[in-house]
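I opened this model to look up its aromatic side chains. My notes follow the structure.

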Amino acid sequence: LYNGYLITFNHEQQLNEDWSAFFNIGGNRYQEEKYDMMSGSPDLYDDGHFEKDLRHYKSHITSIYYQGGIRGNVQIGSIKNNLVLAVDREHYKSYSHNSKGGKLIGDLWNGVTSVGSIPGDFSVYDGSAINENVVSMVLADKIEYGKWIGYVAGQYRNSDYNTFKAGKPNQSISNTSFNPTYSIAYKPTDDMSIYASYATSYTRPFLVSGGYLNDGEVFDPIKNKQTEIGVKYKSGKFLNTLSYFDLSQGSYIKESIDKGDIYTQDGENKFRGVEWTFTGNIDRKWNVMGGIMYLDAVHNKTTGGKYDGYRISGASKWNGVLGLEYNADDDFSVISRAVYNGSSEINNGALKVPSYLTFDLGLKYKTKVNNVPVTFNAMCYNLFDKDYWQAQSGTNYLSLANPRTFMLSAQFDL
C-alpha cells in the first residue's frame with residue numbers, strides 16, 4: 001500500500017536585461033506499508049530449496065526543499081560568462097519499522113510449499129528514524145569563447161545526519177565537503193565536438209536495516225568521482241557520440257557469517273567503459289536510434305584485497321539497444337525497440353546470469369478532446385513474453401523478469 005503527495009513551486013523574476021532571480025520550493029510526503037520478505041529475495045540453497053523470513057514493513061518519509069539564487073550574463077571582451085549563484089536547504093525525515101513473522105519455504109520443483117504467519121500491526125514510530133538537514137551553496141560559470149565552451153562549478157555542502165533506533169544508541173554524523181565540477185568542449189568544425197568532464201559528489205550517510213546482524217549501524221558519506229571524455233560527430237542526418245567514462249563509487253557488500261548476514265562498507269566500485277550512441281533519420285518518416293556499451297565493473301581497494309577484481313554483481317559487460325520509429329503523419333507514430341543485456345555474475349562469480357534479448361512495441365496518437373491537446377500512448381513491453389532471470393545491479397538478488405506487460409497513458413496539455 002502506497003500513498004503520498006508532491007508539491008513544487010518555481011518562480012523566476014527578470015531583474016534587467018542580463019540578470020534574473022529565482023526561487024524554488026518543494027515538499028513531499030510518502031507512506032508505505034507492505035508484507036514481504038526480509039532483505040529481498042528468498043535464499044536459494046544447493047539442494048534446490050529456498051526460504052526466507054517474512055515481515056510486516058512500514059515507512060513514512062517527508063522532505064522539504066528550498067532554493068534561491070541569481071543568474072546573469074557577463075561579457076568580458078570576447079568571452080561570454082553565464083553565472084549562477086544558488087543557496088539550497090533540504091530537510092529530510094523518515095521513520096521505518098519491521099515486524100518479523102514466519103517463514104516462506106519452497107523448492108525449485110514445487111514452488112512455495114509453506115507460508116508462515118503474517119506479523120501483526122504496530123506503530124511505525126517504534127522502529128528507526130532518520131533526520132537530516134543539508135545546506136549547500138553553488139557557484140557556477142559557463143564560459144564561451146570562440147569554438148570553446150567551458151563549465152566550472154563548485155558546491156559547498158554541509159549536512160547533519162541523525163539516526164534513532166529502538167534498542168540502539170543514537171548516532172550523529174556531520175559532513176562538510178567541497179565538490180568541484182569541470183568540463184570543456186571544443187568544436188573544430190560545425191559537425192564535430194570534442195569534450196571532457198570531471199565531477200565529484202558525496203552520498204548520504206547509509207543506515208543499515210532489513211534484518212542484518214548490524215542493523216542500526218550508520219556508514220559515513222562516500223565521495224564519488226566521475227571522468228568522461230568523448231566526441232560528437234554529425235554525418236548527414238545522423239548524430240554519433242563515442243565516449244569513455246571512469247566512475248568510482250562507494251561499495252557496500254553483504255557478507256555471511258555463522259550467526260547470519262552483515263552489511264559492510266568496503267572499498268569502492270570501479271566502473272570503466274566505452275559507449276557509442278546514435279540517432280538520426282533514414283528518411284522523412286523513419287527515425288532510428290540506439291547504442292552499445294562495454295562496461296568493466298569490478299570491486300577495488302577492499303580490505304586485504306579480499307574482493308578486488310571480482311565483477312560487481314549484476315553488471316553486464318555488454319549492453320545494447322536499437323529503436324526504430326515510423327511517423328505516419330504529424331499525429332500518429334509507431335515505435336519498436338530491441339534491448340540486449342549481456343551475461344553477468346552475482347555473489348563474486350559464484351553464479352552466472354545468462355544474457356537476454358527482449359522486444360517492445362508501442363503506438364502514439366495526438367488528438368484533441370474538447371479543444372484540449374491530448375497525446376495517447378500504448379506500449380507493450382517484452383512483446384514475445386520471454387522468461388529470463390534479471391540480476392539487480394550491485395546486489396546478490398535475482399528476480400524473474402516481468403511477463404508481457406501493457407501500458408496505456410494519456411498526457412493532457414492544459
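I looked up Tyr252 and found it partly exposed, because its relative accessible area is 21%. (Buried means under 20%, exposed over 50%, partly exposed in between, with a 1.4 Å probe and protein chains only.) Tyr263 has 17%, so I put it down as buried.

I note that this is a predicted model: local features need pLDDT of at least 70, side-chain atom pairs count only at pLDDT 80 or more, and totals for chains, interfaces and linings use all residues. Residues are numbered from 1 along each chain as its sequence is written, and side-chain values use heavy atoms, with hydrogens and water left out.

Next I checked ring pairs. Rings of Phe, Tyr and Trp (its six-membered ring) pair if their centres lie within 6.5 Å; planes under 30 degrees apart are stacked, over 60 edge-to-face, the rest tilted. I count 15 aromatic pairs by this rule. Tyr95 and Tyr125 are edge-to-face, at 4.8 Å centre to centre and 75° between the planes. Tyr95 lies in strand S5 and Tyr125 in the loop between strand S6 and strand S7, so this pair ties together parts 30 residues apart in sequence. (Strands are DSSP runs of E, at least two residues, numbered from the N terminus.) Tyr95 is partly exposed because its relative accessibility is 24%.

Tyr252 and Tyr263 are stacked, because their planes are at 5° with centres 6.1 Å apart. Tyr252 is in strand S14 and Tyr263 in strand S15, eleven residues apart. I also find Phe206, Phe219, Tyr252 and Tyr263 in one aromatic cluster.

Notes
Helices (H or I, at least four residues) and strands (E, at least two) are DSSP runs, numbered from the N terminus.
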